[in-house]
Amino acid sequence: MSYFDNNATTPVHPSVIEALSRCCKEDWRNPSSPYRLASRTKAKLSYAREQWSELLKVNPADVIFSSGATESNNWILASYAQNSPADATILISTSEHSSVSEPANFWFKNRVEEIPNQTDGIVCIDSLIRRLEESRRPALVCMIAASNESGIVQPWEKVAKLCQERNVPFHCDTTQWVGKLPLSDLHHCSSFTASAHKFGGPRGVGWLVDQNSTRLQFGGGQEGGRRAGTENFPSIQAMAIAWEYCLSKSDDLEARSIWRDQMEMDLLDRIPGTKVIGGGNRRLWNTSFLLMPEFQNLDWVTGLEKIGFEVSTGSACSVFSDGSSPTARTYSLNPMEVKRLVRVSSYLDHTHEDWRELGDAFVQCYEKLLSNSKDSRVISL
Ligand code: PMP
C-alpha cells in the first residue's frame, strides 16, 4: 500500500519504535520518585526539554510536553479566557483547525472576530494591522501556520512581528509546519504547538511552547507546575528520536514541491476539469488538495485504495465534527464541490517516482469510475 495521508498521521519510524520499547523497559520509573534510576529518567527528561529549547530558541521552562496539539491549542484558549477581562475579544483566521476554532468559540462566545482573507485564501495583512491599531486591541491573535487540508502557508512570520511590535500575544498552530519546514523563526510567536505523530513519532505526545507563562493543569508540580500529571517520558524520548530521523532527511525538503506540482499538472491534463485548491499560493511541499471534476470523494478514496493508494477526503478530524472544512469556507465551495475534495499528503520517505505512480493511479481510477458509471447507466435503462 502506498500511503498518501501523512497530514492525518505519519507512520512511526522503526528507530522510534525501538526507542519507545527500550525506554519502556529501562526508563519507566516516575521521574519524580526519590531513587537513583528515577533521577536518571528525570535527567533525561530535562535533557530532552533542553534539546527542544535550543532548536526552538526559547527558554527550557517555556517548553511544555503535552499530549499533542489539540491539548496545547485548547490550553492556550482556555488560559487566555481565564486571564483576560470578561469582555475581551480575540482574532482568529478563517483557516483554523477545529482544535483552535472550537475552544475559541467556547471560551470567547460571541467575542471571536475572524481576520478577513484575500480572495486567494491568505489573511489580509492590512485588515489585521487596522484591527491591531484600534484602541481596544484583541487579547490574543491565533493563526494556523500551514493548513492541514490544503497545505496553504499563511504569512505567520509577518503576523508574529506585527503582534510583537504592538504587544499583542500571538498563538500559532504550527502542528503541520513542524517536521516539514524550518523551525528557525517560530520563537517570534508567543506560543506554538507540535504533535509528534505528524513527524514520525508516536501519538499522544507533543509540546506547547508558551512564552507567557500560562498555567492550566493543576494537581502536581510537573512541567514547572504548569501541566500537572506524571510525565510521559518514553513517548517524549521517542519524539526526540523521530526528530533526529526528520533532521537526517531534511535537506531542501521544500524543493520536493516540484514532485507534487508535476503530479498536479499531469492530472489537470489527463483528468480535465480537476482543480488544485490554493494552487497559486505557497503550500507545504507534501500536500495537494484536489477538487475532482466528477464522482464523490469517497468513490475516489475507495477506487484508489483498491489499486494500492491511501488518500483522504480532507481533514481526519472533520470526520468526527460537523464535517465542515475551513478551506471549503475560505474558498466558498458549494456542498457538491466539498464532496469532490480529495487530499493527498506525502512525507519524508516518498520519492518522485511515488508521486508519478500516484498520478497514474488517479487516471486509472478515473477510467474505472467512468466505465462503472457507464455500466450502471446501461443497467438502469
Ligand atoms: N492542528 C492542526 C493544524 C492539525 O493538523 C492537527 C491534527 N490534524 C491538530 C491541530 C491536532 O493534532 P492532534 O490530533 O495530534 O492533537
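Is cysteine 172 to be counted as buried or exposed? I looked up its relative accessibility in this predicted model. The value is 0%, so cysteine 172 counts as buried.

**Entry 1: cysteines**

I next searched for disulfides. A disulfide is a covalent bond between the sulfur atoms of two cysteines. I required the two sulfur atoms to lie within 2.5 Å, and by this rule I count 0 disulfides. For cysteine 172, the nearest cysteine sulfur belongs to cysteine 189 and is 4.4 Å away, and cysteine 172 is in no disulfide. Cysteine 124 is in no disulfide either; its nearest cysteine sulfur, that of cysteine 163, is 14 Å away. I also noted the relative accessibility of cysteine 124, which is 18%, so this residue counts as buried. The cut-off I applied for buried is under 20%.

**Entry 2: helix α2**

I then turned to helix α2, which comprises 21 residues, 36-56. At 1.5 Å a residue the helix should span 30 Å, and I find its end C-alpha atoms 30 Å apart, which agrees.

Which residues of α2 are buried? I list Ala38, Thr41, Leu45, Ala48, Arg49, Trp52, Ser53 and Leu56. Viewed down the axis of α2, the buried residues fall within an arc of 135 degrees, so they line one face of the helix. The general rule is that an α-helix has 3.6 residues a turn, so residues three or four places apart point the same way.

On the face turned away from the buried side of α2, I found the exposed residues Arg36, Tyr47 and Glu54. The elements covering the buried residues of α2 include strands β2 (63-66), β7 (191-195) and β8 (206-210), together with helix α7 (233-248).

Definitions and conventions:
Residues are numbered from 1 along each chain as its sequence is written. This is a predicted model: local features need pLDDT of at least 70, side-chain atom pairs count only at pLDDT 80 or more; totals for chains, interfaces and linings use all residues. Side-chain values use heavy atoms; hydrogens and water are left out. Helices (H or I, at least four residues) and strands (E, at least two) are DSSP runs, numbered from the N terminus. The expected span of a helix is 1.5 Å times one less than its number of residues. Buried means under 20% relative accessible area, exposed over 50%, partly exposed in between (1.4 Å probe, protein chains only). The arc is that of the directions from the helix axis to the C-beta atoms. Contact means heavy atoms within 4.5 Å.
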